[in-house]
Amino acid sequence: MKSKLVIMVLLASFPSIFSGCDGLRKDSIFNMEPRQEILFDFDWQFHRGNAENAHLAEYDDSAWRTLNLPHDWSIEDIPGTDSPLIPTAIGGISTGYYLGGTSWYRKTFSVPAKLKGKRFSILFDGVYMNTDVWLNGVHLGNHPYGYTAFEFDFTDLIKFAEENVLAVQVKNEGRNSRWYSGSGIYRHVWLQVTGPVHIKTWGVGITTPEVSAENATVNISTEIVNKTETNQPVEISGTVFDPDGKKVAEFKRDIEPESDSEMKNSQSVSINTPKLWSPEKPELYKTVIEIKDRKGKTIDKIEEYFGIRTIEFSVENGFLLNGKPVLLKGACVHHDNGPLGAAAYDRAEERRVELLKASGFNAIRCAHNPPSVAFLNACDRLGMLVIDEAFDMWRRPKNSQDYSNYFDEWWKNDIEAMVLRDRNHPSIIMWSTGNEIPERGEPEGAESSKMLAEYIRKLDTTRPVTAAVNGLNPDKDPYFATLGISGYNYSFGGDHGKQSIFAIDHERVPDRIMYCAESYPLEAYGAWMDVVNHSYVLGDFVWTGFDYLGEASIGWRGYPHDENFYPWNHAFCGDIDICGFKRPQSFYRDVLWEVGDQLSIFVKPQIPSFPEKENRASWSKWHWHDHVASWNWEGFKNQLFEVHVYSGHENVELFLNGKSLGIKETHTENEFIAVWEVPYEPGELKAVAKNGETEKAEHILATAGEPVKINLVADRKIISANGQDLSYITFELLDENGIRNPKAENLLQFEIEGPGEIVAVASSNPMSAESFQQPQRKVWQGRGLVIIKSRKQHGEIVLRAKSDALLPAEIKIESN
């Protein structure tokens with residue numbers, strides 16, 4: 001491995017289903033366009049449980065439930081109960097006590113006779129897991145992995161002007177995951193209709209050998225499929241548009257794909273004065289690729305969005321994006337969407353990226369699997385760097401029914417599905433082959449790592465290959481030697497304590513480029529100082545940026561795990577909780593990363609917020625300090641409380657009811673946290689931060705009175721009437737002065753009117769076993785979340801909330 005890796009590349013991405021979440025490619029009728037990508041998410045029949053002969057076309061599914069995708073049955077109430085949780089769930093604490101099992105989906109559709117001669121395929125963006133698909137009773141195939149997209153061509157099985165039945169069996173059986181996976185067809189499904197000569201799925205790759213301020217040389221590679229019995233002379237052309245919609249380049253060429261074959265066409269164009277993609281300015285170009293027959297008729301056409309940027313990695317300069325140094329402020333992120341389970345609605349995926357970026361993150365490590373297309377499109381559009389990861393295990397299992405059972409047969413297929421689908425997203429800067437692979441310290445592991453890395457480099461030469469490795473000892477050197485960039489899990493505060501393993505390994509292996517692939521929240525300061533102090537450490541990725549379901553309680557009780565932790569079901573370790581609310585550690589990271597006003601007040605309770613675990617291992621640091629944003633401590637008058645002020649400024653003065661409690665400095669020695677012992681009395685804590693004598697920020701934490709009203713706030717009050725767009729509505733319980741009561745636990749009930757539906761109601765309480773489906777919820781820390789989904793009709797949606805002894809509230813959302 002050389003100490004410097006330079007990659008100059010132009011990258012393309014698939015257009016989002018949402019463009020700002022208002023451009024859904026609708027589930028439409030068939031037409032005679034050269035290519036149709038029909039969203040196949042609507043009007044499926046679903047049966048929870050196994051069903052004999054449900055793959056047959058003539059099977060009677062009339063008693064089954066009708067639903068729309070994306071869908072995750074594990075997040076739904078267990079039949080006959082008002083909860084999705086059960087203490088005897090086979091996945092146990094790892095999957096958060098949610099149930100998997102086997103279930104069926106069926107969809108009936110017809111195809112007009114005028115489309116005879118077209119090619120038909122079904123593309124699943126993601127199904128968890130072990131999926132079998134049939135059309136009209138004929139088995140199309142099986143796909144074991146729950147996180148990669150897959151496609152089946154069923155042209156020869158279509159019945160024109162008759163009913164066709166697509167049947168899907170999903171088997172999430174046994175112990176197969178270390179976190180909440182969800183169950184079902186949780187990402188989009190597409191029916192693809194093309195001509196016999198067409199561009200292959202994921203068949204477009206765009207790179208550039210040279211990028212400068214003056215010019216970018218763009219190479220566009222297109223794989224063309226000819227499913228006819230004769231050679232086909234055609235013209236392939238491409239037009240490139242800049243972010244403002246102006247045509248800036250084009251090409252045209254005659255080619256002749258041979259009968260029943262595939263061919264690759266490569267073409268170069270130049271773009272003058274390119275606008276470079278970056279997190280600050282995520283500039284996206286568009287290219288239109290078109291194939292015409294010898295008569296000039298268009299027979300296929302694809303649009304793709306792309307960005308131009310250069311990436312460079314070195315020991316001396318770290319990570320350079322477009323020639324400028326960038327420290328990776330990273331979040332590890334699992335795939336679930338909290339109250340929605342694994343259901344990958346485009347708006348849900350986009351919102352996670354928005355919230356992470358608003359909290360200072362500029363990079364995401366997709367743990368531990370490829371994400372949805374919608375998630376990557378949001379990263380492209382909003383400006384978020386990405387490490388795209390393939391697997392959590394290879395040949396050796398972490399659970400008896402996990403992917404290790406399929407690795408040898410399927411790894412190459414799944415690597416292709418990740419790299420070929422995702423290779424053109426400008427947000428992606430590294431490919432990761434895996435996370436904490438059990439055989440990582442043995443020759444077998446190094447050999448497998450080499451195999452995977454070499455295959456990825458064969459598919460894409462534009463990015464380095466990495467992996468996330470724990471147990472950071474010299475026995476991992478052969479494994480690291482197969483990679484371009486080395487990912488260190490728990491480099492600070494782990495086995496080596498407060499000593500930086502990065503400095504130790506830099507002395508041993510000076511050419512190794514490293515980053516912290518996972519860090520403990522409790523060691524946020526030390527982990528980030530490693531990045532600041534060492535050029536060869538590219539960044540820090542906290543475990544985790546966004547909280548997730550499953551691996552329950554590691555953010556409080558930690559490890560070793562105990563199956564008797566029910567009803568804990570959140571990991572409770574994220575900077576942002578499952579509802580999207582910032583947790584105390586996120587406010588601390590604002591200080592480290594200089595986000596916002598860098599000032600906040602928290603209080604350590606006299607009684608722990610949750611029951612403590614007596615045997616939490618000393619190395620288990622996924623928790624944060626027991627700090628809460630509350631000055632409501634009835635029954636504790638005049639008792640001393642620790643008040644912690646996180647501040648990125650030189651000094652802070654704390655006041656209680658207008659009386660100064662003194663000035664304290666905040667700096668590296670106290671890790672930017674000033675602490676006071678304050679006798680409790682109701683009223684107002686106020687922190688005033690200064691640099692020298694200049695006031696920079698002020699923060700108030702006030703005692704709340706009894707709640708008297710409900711406050712509803714929507715993240716978006718206008719949504720698209722496409723049957724899938726979402727509005728996230730926060731509910732809060734306020735006192736007569738408009739202050740949220742952090743101790744309120746009232747039960748709220750909701751009703752909805754108009755062309756929308758409630759798809760989830762939630763709080764951030766990690767121990768709540770309440771239903772996400774029922775239109776009610778007990779608030780936690782005085783707040784919670786309702787998620788509304790649009791239908792396909794335009795109109796006004798009204799959400800109403802009520803609770804005993806409180807003034808009711810309503811909010812209106814426009815769906816158009």
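Biologist: Is D392 buried or exposed, and at what relative accessibility?

Modeller: This is a predicted model. In it D392 has a relative accessibility of 4% and counts as buried, because the limit for that class is under 20%.

Biologist: Which residue does D392 form a salt bridge with, and how far apart are the closest N and O atoms?

Modeller: The partner of D392 is R178, and the closest N and O atoms are 2.8 Å apart.

Biologist: What does R395, in the loop between strand 23 and helix 3, pair with?

Modeller: R395 forms a salt bridge with D408, with 2.7 Å between the closest N and O atoms. R395 is partly exposed at a relative accessible area of 31%, and D408 is exposed at 51%.

Biologist: How many salt bridges are counted, and where are D300 and R35, which form one of them?

Modeller: The count comes to 35 salt bridges. The side chains of D300 and R35 meet at 2.8 Å, N to O. D300 belongs to strand 18 (residues 298–314), whereas R35 is in the loop between strand 1 (4–13) and strand 2 (36–39), 265 residues apart. D300 counts as buried at 0% relative accessibility, and R35 counts as buried at 15%.

Biologist: Next, charges over rings. Which ring does the charged end of K286 sit over?

Modeller: The charged end of K286 sits over the ring of F241, 5.5 Å from its centre. There is also an arginine case: R557 lies over the face of F565, at 4.5 Å from the ring centre.

Biologist: How many aromatic pairs does the count give?

Modeller: The count is 55 aromatic pairs. One of them is W631 with Y680, at 5.0 Å centre to centre and 70 degrees between the planes. That pair is edge-to-face, because the angle between the planes is over 60 degrees. W631 is in the loop between strand 29 (599–604) and strand 30 (640–647), and Y680 is in the loop between strand 33 and strand 34, 49 residues apart. Both residues are buried.

Biologist: Strand 33 comes up there. Which strand holds V675, and what does V675 touch?

Modeller: V675 lies in strand 33 (residues 673–679). Leaving out residues up to four places away in sequence, V675 touches E642, V643, H644 and K664. The C-alpha atoms of V675 and V643 are separated by 5.6 Å, although the two residues are 32 apart along the chain. V675 is partly exposed, with a relative accessible area of 32%.

Biologist: Now strand 31. How many of its residues are buried, and which residues are on each side?

Modeller: In strand 31 (residues 651–656), 6 of its 6 residues are buried. One side carries N651, E653 and F655, the other V652, L654 and L656, and both faces are covered.

Biologist: Which strands are joined to strand 31 by bridges?

Modeller: Strand 34 (residues 684–691) is joined to strand 31 by 6 bridges, and the two run antiparallel. Within that pairing, N651 stands opposite K690. Strand 32 (residues 659–665) is joined to strand 31 by 5 bridges, again antiparallel. There, F655 stands opposite S660. Strands 31 and 32 form a hairpin with 2 residues between them, and N657 in the turn has a positive phi of about 50 degrees.

Biologist: Why is helix 2 described as largely enclosed by the rest of the structure?

Modeller: Helix 2 (residues 373–382) is described that way because 8 of its 10 residues are buried. The buried residues are V373, A374, F375, L376, N377, A378, C379 and D380.

Note on methods
Residues numbered from 1 in each chain as written. Predicted model: local features only at pLDDT ≥ 70, side-chain atom pairs only at ≥ 80, totals over all residues. Heavy atoms only, no water. Helix = DSSP H or I, 4+ residues; strand = E, 2+ residues; numbered from the N terminus. Buried < 20%, exposed > 50% of the residue type's maximum accessible area, 1.4 Å probe, protein only. Contact = heavy atoms within 4.5 Å. Pairing = 2+ DSSP bridges. Phe/Tyr/Trp six-rings, centres within 6.5 Å; stacked < 30°, edge-to-face > 60°. Lys NZ or Arg CZ within 6 Å of the ring centre and 35° of its normal. Salt bridge = Lys/Arg side-chain N within 4 Å of Asp/Glu carboxyl O.
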